[in-house]
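Me: Please take a close look at the ligand site in this structure. Then set it in the context of the rest of the chain.

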Amino acid sequence: MSGAVMWVISPTDNGRSMVKLKGISGKRIRRNVSKMKHLNGFQVFSSMVAHTPSGAVFTRSEQKVYDVVLKQAALVREKRISDLVFDVKPGKAMPASLDLLNGAYDRCGEVCAEYAKTFYLGTLLMTPQRQRAIWAIYVWCRRTDELVDGPNASHITPTALDRWERRLNDLFRGRPYDMFDAALSDTVSKFPVDIQPFKDMIEGMRMDLRTSRYKNFDELYLYCYYVAGTVGLMSVPVMGIAADSNTSTESVYNAALALGIANQLTNILRDVGEDARRGRIYLPQDELGRAGLSDDDIFAGKVTEKWRNFMKEQIKRARMFFDEAEKGVVDLNPASRWPVWASLLIYRQILDAIEDNDYNNFTKRAYVRKLKKIASLPVAYGKTLMRKPRTRSI
Ligand SMILES: CC(C)=CCC/C(C)=C/CC/C(C)=C/CC/C(C)=C/COP(=O)(O)OP(=O)(O)O
């Protein structure tokens, strides 16, 4: 379906919007999107987020990403993960290889505990099968990220990324190279996890090698999907959808995608100074221009009124993605909600910290104090217990 459908958003008299799905045949399918909101010049569509002014065409990146979302949702739609039992069948694996596999998962857990403490603690509430699957995914993402962000990053080439992708293909076919790959290989054989988000994350690393500027939000959105939205898509099949969820599988995936995007946008806004010192600017060039700012202003690192106004808009957009993500947490399997809420609430507070620093993200690092992090945990737990009635979405 990629490329065959164009999304057009247009306002209607009753304040709602009609989304016209225009197929190649030219036939139009109209759907009333009741949850369309207009927020300070941005639009939030119930299952996708558009940043274009009213009436604009749904962007190419959003369409491309949405195609992946639909594919992922289709994979789990028939058999909701929470209905499945994932047990290693006795006799299927030799005891020695089972020991090795358990050891590999334990190592994944240790890596996760070391680099993502809060998230790790949250995973402990999940079933053992789910927690170790999440650790294996986390470790693969971390290793992928380290290729371009780690100590050997300056030596990394597109060829090395191609090799990493071949290795990914092999582990999905049950031929892992090392013990971390073996853990992921086992995970993808047990949960309906698709290879596409993994490939897309590698594509994000290629993009990072290729470019250090983003023309507009459409380009940045695609980058955020590649490097973070993909993590959301990888996680849903493992975290599981609540048995009593009455929403569509796509909308849960969209929320997961939104959380990845929100996290990455927050990460970018926090690290403006640090990235600029590496010659990188992960901010939409056209929006910078409209705000009367240039790359030189960022390299100069001076907090001006123009910068504050620009940042206010960027923060607003990141918060909209968090809002979109929040709507979907309730549809996850109850045992998976707590780590998601905890990380969402904590990461979101980085945006408050940028404001508290008077938008100086050039020389001051915005972070969430330990006490605030700890205080977020019971709040997150409380939210996991809430059940919000939802109607089946489009
Ligand atoms: C909301 C629903 C339905 C599901 C949740 C699905 C999930 C788990 C989404 C999370 C996606 C995620 C964790 C993306 C990673 C984003 C990101 C920017 C991570 C930053 O990682 P580091 O670079 O280690 O962070 P720090 O620099 O802050 O340490």
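Reply: Two residues are in contact when heavy atoms of each lie within 4.5 Å. In this predicted model, contacts with a separation of 6 or more come 70% from residues 24 or more positions apart. The protein chain has 394 residues, and 54% of them are buried. It holds 15 helices and six strands. Its accessible surface is about 18300 Å². Carbon and sulfur atoms own 54% of that surface.

One belongs to Arg270 and sits 2.8 Å from an oxygen atom of the ligand. The other belongs to Tyr347, at 2.7 Å from an oxygen atom of the ligand. How much of the ligand does the protein bury? Alone, the ligand exposes 760 Å², and the protein buries 75% of that.

H8 leads on to the core. The largest nonpolar core has 105 residues. Trp140, Leu220, Leu283, Ile298 and Trp307 have the most contacts inside it. Helix H8, residues 217–239, gives the most to this core, with 15 residues. In soluble globular proteins, nonpolar side chains tend to be buried together.

Beyond residues up to four places away in sequence, Ile298 touches Val272, Ala276, Ile281, Leu283, Leu288, Trp307 and Phe362. Two of these partners, Leu283 and Trp307, are also on the list of residues with the most contacts inside the core.

H14 leads on to a loop. Asp358 lies between H14 and helix H15 (370–385). Tyr359 is in the loop between H14 and H15 as well. Asp358 has a positive phi near 55 degrees, and it is not a glycine. Tyr359 is not a glycine either, yet its phi is positive, about 65 degrees. Asp358 is partly exposed because its relative accessible area is 37%, between the 20% and 50% limits. Tyr359 counts as buried because its relative accessibility is 10%, under the 20% limit.

Arg167 is in helix H5, residues 158–172. Its relative accessibility is 17%, so Arg167 counts as buried. Leaving aside neighbours within four places in sequence, Arg167 is in contact with Arg143, Tyr177, Asp178 and Asp181. Lys190 is in helix H6, residues 179–190. Its relative accessible area is 18%, so Lys190 is buried too. The side chain of Lys190 makes a polar contact of 2.8 Å with the side chain of Asp186. Lys190 and Arg107 are 83 residues apart along the chain, and their C-alpha atoms are separated by 19 Å.

Technical notes
Residues are numbered from 1 along each chain as its sequence is written. This is a predicted model: local features need pLDDT of at least 70, side-chain atom pairs count only at pLDDT 80 or more; totals for chains, interfaces and linings use all residues. Side-chain values use heavy atoms; hydrogens and water are left out. A nonpolar core is a set of buried Ala, Val, Leu, Ile, Met, Phe, Trp, Tyr and Cys residues joined through side-chain atoms within 4.5 Å. Buried means under 20% relative accessible area, exposed over 50%, partly exposed in between (1.4 Å probe, protein chains only). Helices (H or I, at least four residues) and strands (E, at least two) are DSSP runs, numbered from the N terminus. A polar contact is a pair of N or O atoms within 3.5 Å; within protein, one must be able to donate a hydrogen and the other to accept it, and residues adjacent in sequence count only if both atoms are side-chain atoms. Accessible areas come from the Shrake-Rupley method with a 1.4 Å probe; for residues, only the protein chains shown count as cover.
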